Amino acid sequence: MATLSHDLSIEILRGLSVKDLLRFKCVSKLWCSSIDDPYFIKLHLSDSLKTNTNHSLILRRWGYDFLSVNYDSLKTTQVINPPLTNSPIKILGSCNGLLALIDDKDRIFLWNPSTRKSQVLPSTEIEFSSTLISSAPSTYYGFGYEPISDDYKLVRMVQSHGNNDEYFHSEAKVYSLRSNCWRRIKDVCFYLKFNRKFGFLANNRKFGFLANNALHWMVFKTPQSDNRNLVGFNLGSEEFHFLELPDFCLDKLFWFGIKAMGGDLCLTATYREINNFVVDVWIMKEYGVKQSWIKSISWN
């Protein structure tokens, strides 16, 4: 050990798995400080992304714990317990090995299942009067990493409306891990809750999907609109923007799913045709350009 230079030690450590790194923190104080160093953590994450290694699939089991499955060897599994084990938990999003979680008391925290470290986020109130609410507000979240500012951000959008689909209030806030605080941003200019005509088929996930450094949801531009729209939230500029959907038949009942494939924004559209369900997979090869949508797969 004494003959190894510090640079050579770092080169050896950066090729190890997270599990091994946690074990080797006990080797020496120098290795422990090196492994905990933010620069090394970024270096190890960058290597993992480039080599497509150190991936785990996190599954929520029936109850309050999770199952971690090694992506390289699906036979390697481990039961892991989140920090708040006495409350039902939902996953708001995941990015670079971090999970954003919320319990039934609306407490939000970030958790690294590999290191078991967690951080509770400060609470933030909904900033409009409860007297205006005739039904429970609709709340949507999104979680992602912004590389330029080197910051993890959580987005929360809240809307309340009356029985006639009137807007009473809408607000959007962003939490920054770097500053450890919430900030209110410009209110959203779209309708989050699903349209009554299309029912659940038009309802989008309440948790935004990360692709191209932006979070994405399916929304409506007005409460009465029958046309679905894809909206993105740029984590750098912290602004919302609409993206045009591919030219498919919009008069059918679709169930949409937002994904990422090879770093590109991906959209799945499921619809019924005669006696079969058809699934189309569209990929936006150039982000923000409608003409770049390509139908990659279609099966029934």
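Start with a definition you'll need in a moment: a charge sits over a ring if NZ of Lys or CZ of Arg is within 6 Å of the ring centre and within 35 degrees of the ring normal. Keep in mind, too, that what you're looking at is a predicted model.

**Stop 1: charges over rings.** Select Arg-156 and Trp-182. Arg-156 lies over the face of Trp-182, 5.9 Å from the ring centre. Now pick Lys-206 and Tyr-140: here Lys-206 lies over the face of Tyr-140, at 5.8 Å from the ring centre.

**Stop 2: the whole thing.** Zoom out and switch to cartoon view. The protein has 300 residues, and 41% of them are buried. Take the contacts with a separation of 6 or more: residues 24 or more positions apart account for 42% of those.

**Stop 3: helix H3.** Select residues 29–36, which make up helix H3. Which residues of H3 are buried? They're Trp-31, Ser-34 and Ile-35. Turn the view until you look down the axis of H3: its buried residues fall within an arc of 95 degrees, so they line one face of the helix. Next, show what covers them, which includes helix H1 (6–13), helix H2 (18–24) and helix H4 (38–51).

**Stop 4: H3 against H4.** Two packed helices are described by the angle between their axes and the distance between the axes. For H3 and H4, the angle is about 65 degrees and the axes are 5 Å apart. To see the contact, show Ser-34, Ile-35 and Asp-36 on the H3 side, with Pro-38, Phe-40 and Ile-41 on the H4 side. These contact residues divide into four nonpolar, one polar and one charged.

**Stop 5: aromatic rings.** How many aromatic pairs does a search of the whole structure find? Seven. One of them is Phe-190 with Phe-240, an edge-to-face pair at 5.4 Å centre to centre, with 75 degrees between the planes. Phe-190 lies in the loop between strand S11 (181–185) and strand S12 (209–211), while Phe-240 is in strand S15 (residues 239–243), so the pair ties together parts that are 50 residues apart in sequence.

Phe-233 and Phe-240 form a tilted pair, 4.8 Å centre to centre and 50 degrees between the planes.

Buried or exposed: what is Phe-190? Phe-190 is buried, with a relative accessible area of 1%, and Phe-233 counts as buried at 0%. Finally, select Phe-242 as well: Phe-190, Phe-233, Phe-240 and Phe-242 form one aromatic cluster.

How values were computed. Residues are numbered from 1 along each chain as its sequence is written. This is a predicted model: local features need pLDDT of at least 70, side-chain atom pairs count only at pLDDT 80 or more; totals for chains, interfaces and linings use all residues. Side-chain values use heavy atoms; hydrogens and water are left out. Buried means under 20% relative accessible area, exposed over 50%, partly exposed in between (1.4 Å probe, protein chains only). Helices (H or I, at least four residues) and strands (E, at least two) are DSSP runs, numbered from the N terminus. The arc is that of the directions from the helix axis to the C-beta atoms. Contact means heavy atoms within 4.5 Å. Rings of Phe, Tyr and Trp (its six-membered ring) pair if their centres lie within 6.5 Å; planes under 30 degrees apart count as stacked, over 60 as edge-to-face and the rest as tilted. Axes are lines fitted to C-alpha atoms, for helices over the stretch in contact, and angles run from 0 to 180 degrees between N-to-C directions. Ala, Val, Leu, Ile, Met, Phe, Trp, Tyr, Cys and Pro count as nonpolar, Asp, Glu, Lys and Arg as charged, and the others, Gly among them, as polar.
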